[in-house]
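The sequence and structure go here before the notes.

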Amino acid sequence: MSEVEGTIGIEAGIVTLEDLRREGRLPPPEVLERGVALPIIDCLEDIPCTPCRDVCPTGAITMKTMINRPEINWDACTGCTLCAQACPGLAINIVNYHFGRRSLRRPGYEEYALVMLPYELTPIPKRGEVVRVFDRAGRQLGEAEVFSVMKSPKFGTVMVGVLVPQSIAFEVKGVEVKRRWPGRRGGAP
Ligand code: SF4
Ligand code: SF4
C-alpha cells in the first residue's frame, strides 16, 4: 500500500474494504441498526469535485476544502440517496443493510441487504430480473435479484437495487445483465 501526499494509496488502483474502513466510510454497527439506506463512498482521492457535498440536504458530507475528498457524518445522514444520484464518478453505492429483516419481510431473506448502484450501461436491468454481481476488482460474487430500478428525476442517474446477502453487501460494486442478445447463440458476447 503506497501513500502519496494528499491521496490515499489504493493498492493496484482498486479500493479495498480496508481502505474504506480506515477512512470511516463503512457505517458502524449502531448506524446500520437504524435500518436506513446509507452511502458507501468509494472516492478516496483529493480531487476538485463537490456534487455529493453540494446536493446533501443535511450537510452530512463535508470536505476540508473543495479539492479534498468527502467525509461522512453518519449521524446527519438520512439515507436520501441524493449523493449517489449526483456523483459523476459513480463512486457511491447505497446500502440498506437490514433491508431483509426490517422492510422486505420475505421468508429466507432476513439476512439480506438492499444495495443500490448507479448504472450507466444498456440494457438496464428490470425489476425481478436476476443479474450477476461483481466486486471492486471485477470478480463475480454471484447472482442477485433486481429489487428496484429508479431513474433520478434530477440527475438522470439510473440506480439499480439488488438483494444480496449481508456478507457481501459492502463488496458489491457492479452488476451485469444476463439477458441474451437476439439472434446470438450462447448469450451476450
Ligand atoms: S444519503 Fe442523503 S443525507 Fe446521506 S450523505 Fe447522501 S445526500 Fe446526504
Ligand atoms: S461527487 Fe463523487 S467523485 Fe465527486 S467528490 Fe463526491 S464522491 Fe467523489
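How do the residues of the shell around ligand 1 divide into nonpolar, polar and charged? I found nine nonpolar, four polar and no charged. For these classes I count Ala, Val, Leu, Ile, Met, Phe, Trp, Tyr, Cys and Pro as nonpolar, Asp, Glu, Lys and Arg as charged, and the others, Gly among them, as polar.

I note that the model is predicted, with pLDDT of at least 70 needed for local features and 80 or more for side-chain atom pairs, while totals for chains, interfaces and linings use all residues. Residues are numbered from 1 along each chain as its sequence is written, chains are lettered from A and ligands numbered from 1 in the order written, and side-chain values use heavy atoms, without hydrogens and water.

Of 13 residues, Cys 56, Cys 77, Cys 80, Thr 81 and Cys 83 come nearest.

I then checked for cavities (sets of points on a 1 Å grid over the protein atoms alone where a 1.4 Å probe fits but cannot get out; lining residues have an atom within 4 Å of a point). I found one of 30 Å³ or more. The largest cavity holds about 80 Å³, a volume being the space filled by probe spheres set on the points, which are joined across faces, edges and corners. Its lining has 14 residues, with Cys 56, Ala 60, Cys 77, Cys 80 and Cys 83 closest to the centre. Ligand 1 takes the space of this largest cavity (more than half of its atoms lie within 2 Å of the grid points).

How values were computed
1 Å grid on protein atoms, 1.4 Å probe; cavity = no way out; pocket = protein on both sides within 12 Å on 5 of 7 lines; lining within 4 Å. Near = heavy atom within 4 Å.
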